[in-house]
Amino acid sequence: MQTETKPMKDLIQEKWNKRPLIISGPCSAETEEQVIETATRLAKTGKIDILRAGIWKPRTKPGLFEGIGVKGLPWLVQAKKITGLPITVEVATAKHVEDALSFGVDMLWVGARTTVNPFSVQEVADALRGVDVPVLIKNPINPDLELWSGGIERLQKAGLKQVGMIHRGFSNYGNTEYRNAPMWHLPIEMKRRFPEMLLICDPSHISGRRDILQSVSQKSIDLGFDGIMIESHIDPDNAWSDAKQQITPERLAEILDALTWRSETTDKQEFLTALATLREQINHVDDELLLLLSNRMKIADKIGQYKKDNNITILQTNRWNELLERAFKKGEGLGLSKEFVEKYYDAVHLESINHQNKIMNS
Ligand code: PEP
Ligand code: MN
């Protein structure tokens with residue numbers, strides 16, 4: 001099934017620049033047969049760019065399968081030989097880096113549980129000094145963008161030229177719709193901070209289940225992500241780790257086919273003109289909103305002055321509840337979600353209180 005005759009170095013460069021970039025493979029390498037059969041069936045779909053498999057698995061609790069270890073690396077090398085797909089594994093220590101590189105692993109990734117620990121990221125970065133290999137870094141499990149940015153900077157400072165990001169969601173307490181909350185505004189903010197950097201979505205660890213993999217993937221495409229890393233297994237129900245979220249290579253091909261891929265821009269003049277007109281309208285409305293908000297704060301200032309003169313507290317809970325209830329009802333009729341109205345009122349209310357505070361203490 002080897003379809004590529006190019007040297008792997010050129011191939012991984014080509015993949016790095018390909019959009020969308022699709023990475024798939026099992027959560028964990030389990031047996032030689034499982035790795036090779038997954039890889040072969042993935043390659044057969046013709047839709048996969050890079051083969052992934054966890055060799056060392058950071059598990060939340062002891063006693064679970066913690067990865068096959070170095071023994072699994074020759075299986076991946078064999079899978080690469082058969083399919084022509086470059087391979088990638090997760091590394092968390094200097095020893096992992098050394099072992100992976102000694103087997104010619106083409107790309108590495110840093111897992112979410114490693115990104116949270118600057119000592120570990122630094123250890124990995126130091127082990128990679130002077131090495132020319134692409135590295136993806138997952139977001140930390142907690143929603144801390146400074147940690148994520150810090151991890152990227154550590155890798156770049158070690159001299160790595162190809163660093164990319166993987167968004168895998170953020171851990172949360174209690175059961176929610178997602179295994180890890182996507183908090184889409186956070187990867188969007190990372191894209192703003194690192195506009196040129198590759199940004200991949202990992203719908204498997206966000207979803208934690210099969211039925212929403214497609215919608216999570218679509219959402220990431222709609223937001224302009226550069227690709228997807230998604231787990232696949234020949235026998236998902238019996239996978240040794242993350243069984244609930246894995247899918248067969250064939251199911252993956254169906255999901256990929258059903259996705260609508262989008263590009264960031266186009267040179268179609270008609271589209272560009274229409275977009276520019278609508279954006280102009282948005283700028284105009286935004287200017288008006290700012291002006292209205294400023295007027296609203298001026299009224300708050302006056303109220304602050306009255307409250308000060310009459311020795312009345314700033315916060316009036318009843319008035320606040322009444323205002324919110326009114327806004328929810330009105331917002332609903334205007335097509336604004338309760339969630340948005342609540343956030344908007346919180347922000348406006350806080351600013352109003354700050355204004356009144358200033359007046360009271362002046
Ligand atoms: C994984 O990709 O299998 C993995 C361990 O992911 P994360 O670091 O996102 O938990
Ligand atoms: Mn996994």
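How many salt bridges does a search of the whole structure find? The search turns up 22. We'll visit some of them, but keep in mind on the way that this is a predicted model.

**Stop 1: the manganese ion**

Select ligand 2, the manganese ion, and show the side chains that hold it. Its protein donors are C27 (SG), H205 (NE2), E231 (OE) and D242 (OD), and they sit 2.1 to 2.4 Å from the ion. Along the chain these donors are spaced as C-x177-H-x25-E-x10-D. Now color C27 and H205. C27 belongs to the loop between β1 (21-25) and α2 (32-45), while H205 is in helix α9 (residues 203-207), so this pair ties together parts that are 178 residues apart in sequence. Are they buried or exposed? Both C27 and H205 are buried; for C27 the relative accessible area is 2%.

**Stop 2: a cysteine without a partner**

C201 is in no disulfide, and the nearest cysteine sulfur, the one in C27, is 16 Å away. C201 is buried as well, with 0% relative accessible area.

**Stop 3: ligand 1**

Next, select ligand 1 and the residues around it, among them C27, H205 and E231, plus R52, W109 and K138. With A112, the contact goes to a backbone N or O atom instead, at 2.8 Å.

**Stop 4: salt bridges**

Select D257 and K47, whose closest N and O atoms are 2.8 Å apart in a salt bridge. D257 is in helix α11 (residues 249-258) and K47 in the loop between α2 and β2 (50-52), so you are looking at a link across 210 residues. D257 is exposed at 55% relative accessibility, whereas K47 is partly exposed at 28%.

Move on to R262 and D222, which meet in a salt bridge at 2.5 Å, N to O. R262 lies in the loop between α11 and α12 (269-309), and D222 in helix α10 (residues 213-222).

Finally, select K343 and E339, a salt bridge at 3.5 Å. Both are in helix α14 (residues 338-360), four residues apart, about one turn of the helix. To finish, show E146, E189, R192 and R193, which salt bridges with shared partners join into one network.

Notes. Residues are numbered from 1 along each chain as its sequence is written. Chains are lettered from A and ligands numbered from 1 in the order in which they are written. This is a predicted model: local features need pLDDT of at least 70, side-chain atom pairs count only at pLDDT 80 or more; totals for chains, interfaces and linings use all residues. Side-chain values use heavy atoms; hydrogens and water are left out. Buried means under 20% relative accessible area, exposed over 50%, partly exposed in between (1.4 Å probe, protein chains only). A disulfide is a pair of cysteine sulfur atoms within 2.5 Å. Donors are N, O and S atoms within 2.8 Å of the metal (3.2 Å for Na, K and Ca); water is not among the atoms, so sites may look incomplete. Helices (H or I, at least four residues) and strands (E, at least two) are DSSP runs, numbered from the N terminus. A residue is near a molecule or strand if one of its heavy atoms lies within 4 Å of it. A polar contact is a pair of N or O atoms within 3.5 Å; within protein, one must be able to donate a hydrogen and the other to accept it, and residues adjacent in sequence count only if both atoms are side-chain atoms. A salt bridge is a side-chain nitrogen of Lys or Arg within 4 Å of a carboxyl oxygen of Asp or Glu.
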